Amino acid sequence: MKNATVTVSEHEISTEFVTDVVTKALKAGAGDAEAVFSEGDEFETLVRLGQVEQLKEAGSRAAGLRVFQGNRTASTSTSDLSSTGIEQLVSGAMALVQVTSEDPFAGLPEPEEFGKLAGDLDLYYDDVYSLPAAERIEYARRTEAAAMAADARIQNSGGGSFDAATGRKILANSRGFVGEVRRSSCSIAAQPIAMSPDGGMQRDYWYSSQRSLGLLDSPESVGLEAARRTVRKLGARKVPTQRVPLVFAPEVASSILGAIVGAINGNAVYRSSSFLAGKLGERVGGKNLTIIDDGTTRGGFGSAPFDGEGLPTRRKAVLDQGVLTSYLLNTYTARKLGLRSTGNASRGLAGSPGISCGNFYLEPGEKTPEEILAAIPAGLYVTDLIGHGVNIVTGDYSHGASGLWIENGELAYPVEEITVAGNLKEMLHNISSIGSDLIFRSAVACPTIAIEGMTIAGE
Amino acid sequence: MQPASPDTRKFFYEHLGINEQLLEQCLSAALSAGGDYADLYFEYVTASSLMVDESLVKSASQGISAGCGLRVVSGERTGYAYTDDLSPERLLRAAHTAALIASGPSKQPVQGFRESPSAGLYTVASPGSDSETSAKLALIQRADRAARAYDARIVQVQASFADELRRILVAASDGSFATDTQPLARLNVSMIAKEGDNIARGSSGGGGRVLLDFFLTDKTPEYFATEAARQAVLQLGAVPAPAGEMPVVLGPGWPGVLLHEAVGHGLEADFNRKKTSAFAGLIGQMVASPKVTVVDNGAMPNRRGSLNVDDEGSPTQETVLIENGVLKGYMSDKLSARLMGIADTGNGRRESYQHIPMPRMTNTYMLAGEDDPGDIIRSVQRGLYAVNFGGGQVDITNGKFVFSASEAYLIEDGKITAPVKNATLIGNGPESLKYVSMVGNDLKLDEGVGTCGKAGQSVPVGVGMPTIKLDKMTVGGTGN
């Protein structure tokens with residue numbers, strides 16, 4: 001393998017390259033095979049206190065292979081795309097497949113299940129790389145400068161950034177599926193640090209992330225919002241241990257939806273390692289809860305024309321007025337549960353397909369966030385959560401938190417160094433208000449929600 | 001100390017077409033627009049993983065990843081480019097891209113490389129034979145059997161074995177040159193216990209920069225499987241965790257994740273250079289009880305967080321962070337050392353060639369004290385005894401940190417009583433360790449499971465601690 005990697009030429013990797021890997025695997029004795037190729041480019045710029053601190057620009061590509069022999073499966077991946085590298089990719093997988101077990105549920109999807117949505121779903125815009133380097137730096141600088149100028153108490157900063165990335169992925173298998181998808185993204189962010197007269201420091205951040213440069217919020221608005229979020233934390237205090245209504249801001253409410261994504265993941269369901277396992281068709285939340293998973297939205301952060309196994313993505317309710325109506329499944333977990341794949345397979349370079357959500361959101365309600373807060377005599381508006389305090393098996397939920405105290409329907413003072421705890425089984429029944437403010441800042445999105453019956457642990 | 005392994009250098013030179021002249025050309029290109037320093041980080045990683053689930057070998061995978069990261073530093077600025085194509089043309093192009101960070105007359109790198117010696121902290125096996133794969137498989141099948149044999153209530157078992165071999169070569173414009181071959185292995189077992197409608201999970205695992213033998217002699221699959229099964233069955237009977245401030249006793253070993261979150265991150269030099277850490281400017285001040293001494297030590301044999309050289313090619317070492325309660329020093333990489341005028345402590349680490357190095361922890365632990373662990377428990381009227389944890393997180397600017405207890409008990413009248421459900425503990429880094437009133441004589445390091453995330457980069461780390469008592473900490477349960 002001397003100088004193996006230097007023989008790769010720079011021409012674009014084609015779908016034929018990927019189908020050829022599949023063919024090579026079949027020739028080597030695989031009963032079925034699936035190959036994936038992915039490549040990405042990234043540009044990152046970080047400006048701190050007005051000066052460029054980091055510039056990064058790079059690209060990489062790699063291939064992965066999954067083979068089947070009978071009902072046994074194994075996978076390999078490599079960043080060496082030379083003919084020697086691909087030979088090793090194939091021979092490695094064929095050697096490895098000998099050690100795995102016969103599993104009657106393993107295998108590629110049936111041919112009639114394959115498909116992809118038409119068009120590119122507006123996932124790729126070449127304008128993310130259209131700015132010359134100096135203007136990218138200027139975006140980052142303006143974002144940080146707007147935050148720094150917003151308040152005299154902001155004298156330090158973690159920086160302002162402009163990042164852009166593009167990626168391309170090709171998936172092909174021995175049952176005839178070939179698909180290609182391109183994606184782009186870009187973002188600006190600021191992380192100001194504010195200091196109170198007693199020397200206490202607080203940081204927060206804000207960002208705008210989009211698939212196209214033209215869709216980004218202005219650097220000035222992002223910087224201003226970052227500053228507003230930071231200075232409102234100054235002077236934060238602990239509050240006593242108590243039970244009061246909690247209002248989750250959208251940024252933290254979405255983490256509760258993230259926990260539901262984990263709890264309806266087919267892998268957790270077939271192993272009974274989820275509090276929602278076996279609950280299909282049952283009421284698991286309040287009638288006011290309808291949760292949608294939709295991989296088909298144009299330009300969505302969770303959109304794709306096909307899933308990680310070559311099945312078309314789709315739109316479905318996973319919770320319909322509180323009733324659990326769908327899990328998130330790939331082919332394997334669907335077969336284990338005697339169900340159909342929901343088109344939620346995810347595919348990295350190595351390993352068996354995982355499961356991921358599409359655009360996953362709670363359907364918005366009628367009230368504005370201000371109206372939700374106004375109805376609460378005493379409670380906590382949660383703006384930040386830290387830690388990994390969700391147990392999907394039991395539903396137990398316990399997180400470090402900070403936010404603002406609600407007094408007579410208004411935000412009174414900042415709160416920190418407390419925890420908020422409950423159990424997701426009960427929390428899903430105790431959501432008392434849902435805001436109208438659904439905004440997709442990532443694949444999982446949730447409007448402002450109020451939850452009753454949780455415990456604050458503090459002083 | 002022993003001479004660096006000539007085999008690693010030979011690997012890069014013979015298999016990947018690297019040579020000294022090419023390294024010098026790339027460094028010259030990197031400094032073509034000026035700058036203070038440039039370095040090249042070549043990496044070649046082979047990784048494999050096996051998983052048994054429902055007593056079937058459901059997954060087997062292996063991968064190869066190779067590439068080079070090129071960095072140019074000019075004052076506080078860093079330019080970075082990477083490529084997974086190691087041809088001279090691509091390497092030189094990446095060097096010119098990284099060079100764009102600087103704007104001045106070109107500089108020349110130091111002529112000739114001085115290779116760092118290796119501390120020989122770990123041994124390397126010849127990689128990847130088929131018999132090795134079956135030996136690994138036998139390990140996780142043993143774990144699966146041991147878990148199922150533990151208790152009839154264990155209904156689901158997953159056992160996995162993951163290992164990698166990372167070869168690195170670092171060459172810098174200051175003439176420093178280092179190579180290392182770093183093994184890393186981990187066996188993991190997780191399971192579900194079920195009794196009626198009551199379901200609980202348990203998990204355990206460990207490893208380090210060790211060979212397969214470690215799992216046959218030191219820590220066997222049965223050891224980890226039994227431990228995970230014990231936790232799962234125990235959790236079936238857990239009561240709600242208490243809520244509020246109370247005395248907390250932390251058991252030895254993995255609960256040292258407290259140190260990692262409460263003080264470790266806040267003492268990484270980059271945050272202090274930028275004065276964004278709650279610990280900035282506190283050197284020489286009391287930040288913990290006089291009973292507390294905390295070190296970071298990357299030079300321990302076979303530990304998960306250990307390295308012969310860090311990812312900038314600098315030797316690792318033991319660094320005292322807090323001595324008898326007084327803040328002594330920070331963990332540093334080359335950039336922070338130069339800008340702050342402090343020593344490079346060998347803490348410059350990165351996830352891969354695609355990432356810019358920064359100060360990171362290695363193995364972070366508290367030294368043993370004099371108290372008997374039993375006395376520590378007996379001293380608590382009403383509180384929490386936590387012995388196992390999931391992950392943690394810290395906001396280094398306001399110092400607030402959390403870590404989540406996965407196995408904990410109530411302490412009532414000096415005795416350990418009911419197991420409690422998962423709960424997050426929260427505290428304030430520069431304050432929490434001042435409440436440490438007792439330190440046990442039973443220092444233990446963790447089993448080798450830690451992975452630390454910072455700025456989107458993950459690296460393996462270790463933690464350790466004796467049994468300690470904190471007079472107060474906030475416990476985030478739901479009970480009374």
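**Two interfaces of chain B**

Biologist: How many salt bridges are there between chain B and chain A?

Modeller: Keep in mind that this is a predicted model. One pair is Arg271(A) with Asp53(B), whose closest N and O atoms sit 2.6 Å apart. Between chain B and chain A, the salt-bridge count comes to seven.

Biologist: Which element gives the most residues to the side of chain B that touches chain A?

Modeller: That side has 29 nonpolar, 34 polar and 17 charged residues. Strand S3 (residues 72–78) of chain A pairs with S2(B) in the parallel sense over four bridges, and Thr76(A) has Gln62(B) as its bridge partner there. With 11 residues, the top contributor is S2(B).

Biologist: And how much area do chain B and chain A bury between them?

Modeller: The contact involves 80 residues of chain B and 77 residues of chain A. Carbon and sulfur atoms account for 50% of the buried area. The total is about 6,200 Å².

Biologist: Now inside chain B: what area is buried between domain 1 and domain 2?

Modeller: Chain B splits into domain 1 (6–236) and domain 2 (243–476). Their contact draws 51 residues from domain 1 of chain B and 42 residues from domain 2 of chain B. Carbon and sulfur atoms give 47% of the buried area, which is about 3,500 Å².

Biologist: Which residue forms a salt bridge with Glu76(B)?

Modeller: The rule finds six salt bridges across the interface of domain 1 and domain 2 of chain B. For Glu76(B), the closest N and O atoms of the pair are 3.3 Å apart. The partner is Arg273(B).

Note on methods: Residues numbered from 1 in each chain as written. Chains lettered and ligands numbered in written order. Predicted model: local features only at pLDDT ≥ 70, side-chain atom pairs only at ≥ 80, totals over all residues. Heavy atoms only, no water. Domains from an automatic or database assignment. Contact = heavy atoms within 4.5 Å. Buried area = accessible area lost by both parts, 1.4 Å probe. Salt bridge = Lys/Arg side-chain N within 4 Å of Asp/Glu carboxyl O. Helix = DSSP H or I, 4+ residues; strand = E, 2+ residues; numbered from the N terminus. Nonpolar A, V, L, I, M, F, W, Y, C, P; charged D, E, K, R; others polar. Pairing = 2+ DSSP bridges.
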